[in-house]
Amino acid sequence: MMSGVRFSSQKLNLTLAICAMFISAASFYATYLQAKSAEQQVKAMTLPLLQYGTGNFELGTNKSVISFNLTNGGVGPAIVKTVIYKYKGKSTLNFFDYLKDCCSNELKEFNSNPSQDLNITKGGYVTSPTYNVVVPAQDKLEFYKLYRGELNDSLWSKLNTERKYLTVQVCYCSLLDECYITEKKGVVEPVEACPIAD
């Protein structure tokens, strides 16, 4: 009789130990899933979505303005690391190199004008840096704007034609240091890190 009771007690202890192990494993797995879900939620709340765009008219002023911009359609800020300008088989990190490639004669004529003084009413331009710049969510960085005027009619017309042949590849990171490359509208690829600009 005593051995039977001892056997039942051992069996009960073993069953309880196995149950405790299963409960611990289930609890660990539930905690893991909860942590993963929280991490994904944080990523989703800080995810930037940067896209390149260009236009030739400014709605606010009703002026003919060629603009090149990066727009952040995401929910988190984008830290721009590298911008590569691709035009007819050539690639450069400098927007002004693209201008020389696309519109060399017109650019020389514009730059040689003695009255060229960046006056936007006469056809000046405005630039902004694109390296290590933060573009807030739902905001836009206009990195080059050329206002049409008496000083730059030929440059404006040439650039307006040639801008459609420009492709811009942007590598940017989120605040969580997750990086992405985009070149075509709506196509974003995650990368380990952005290439370092020389």
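How are α2 and α3 oriented relative to each other, roughly parallel or roughly antiparallel? To answer that, start with the chain as a whole. The model is predicted.

The protein chain holds 3 helices and 10 strands. Read from the N terminus, its elements follow the order α-β-β-β-β-α-β-β-β-α-β-β-β. The chain has 198 residues, and 33% of them are buried. Its accessible surface is about 12,400 Å². Carbon and sulfur atoms supply 57% of that surface. Now look at contacts in the chain with a separation of 6 or more. Of these, 63% join residues 24 or more positions apart.

Next, the helix pair. Two packed helices are described by the angle between their axes and the distance between the axes. Helix α2 covers residues 95–112, and helix α3 covers residues 153–162. Their axes come within 8 Å. The crossing angle is roughly 165°. Angles over 145 degrees count as roughly antiparallel. Therefore α2 and α3 are roughly antiparallel to each other. Their crossing is right-handed.

Which residues of α2 and α3 meet? From α2 come Tyr98, Leu99, Cys102, Cys103, Glu106, Leu107, Glu109 and Phe110. From α3 come Ser154, Leu155, Lys158, Leu159 and Glu162. Sorted by class, this contact has 8 nonpolar, 1 polar and 4 charged residues.

Now turn to the strands. Ala78 sits in strand β3. Is Ala78 buried or exposed? Its relative accessibility is 0%, so Ala78 counts as buried. Leaving aside residues up to four places away in sequence, Ala78 touches Pro48, Leu50, Asn72, Val133, Val134, Val135, Tyr172 and Cys173. Ser174 lies 96 residues from Ala78 along the chain. Even so, the C-alpha atoms of Ala78 and Ser174 are separated by 5.3 Å.

Gly73 belongs to the loop between β2 (65–72) and β3 (78–87). The relative accessibility of Gly73 is 44%, so this residue counts as partly exposed. What does Gly73 touch, not counting residues up to four places away in sequence? The partners are Leu49 and Gln138. Gly73 and Gln138 are 65 residues apart along the chain, yet their C-alpha atoms are separated by 5.0 Å.

Ala78 is buried at 0% relative accessibility, whereas Gly73 is partly exposed at 44%.

Definitions and conventions: Residues are numbered from 1 along each chain as its sequence is written. This is a predicted model: local features need pLDDT of at least 70, side-chain atom pairs count only at pLDDT 80 or more; totals for chains, interfaces and linings use all residues. Side-chain values use heavy atoms; hydrogens and water are left out. Axes are lines fitted to C-alpha atoms, for helices over the stretch in contact, and angles run from 0 to 180 degrees between N-to-C directions. Helices (H or I, at least four residues) and strands (E, at least two) are DSSP runs, numbered from the N terminus. Angles under 35 degrees count as roughly parallel, over 145 as roughly antiparallel, 65 to 115 as roughly perpendicular and the rest as oblique. A crossing is left-handed if the near helix is turned anticlockwise from the far one by less than a right angle, and right-handed if clockwise. Contact means heavy atoms within 4.5 Å. Ala, Val, Leu, Ile, Met, Phe, Trp, Tyr, Cys and Pro count as nonpolar, Asp, Glu, Lys and Arg as charged, and the others, Gly among them, as polar. Buried means under 20% relative accessible area, exposed over 50%, partly exposed in between (1.4 Å probe, protein chains only). Accessible areas come from the Shrake-Rupley method with a 1.4 Å probe; for residues, only the protein chains shown count as cover.
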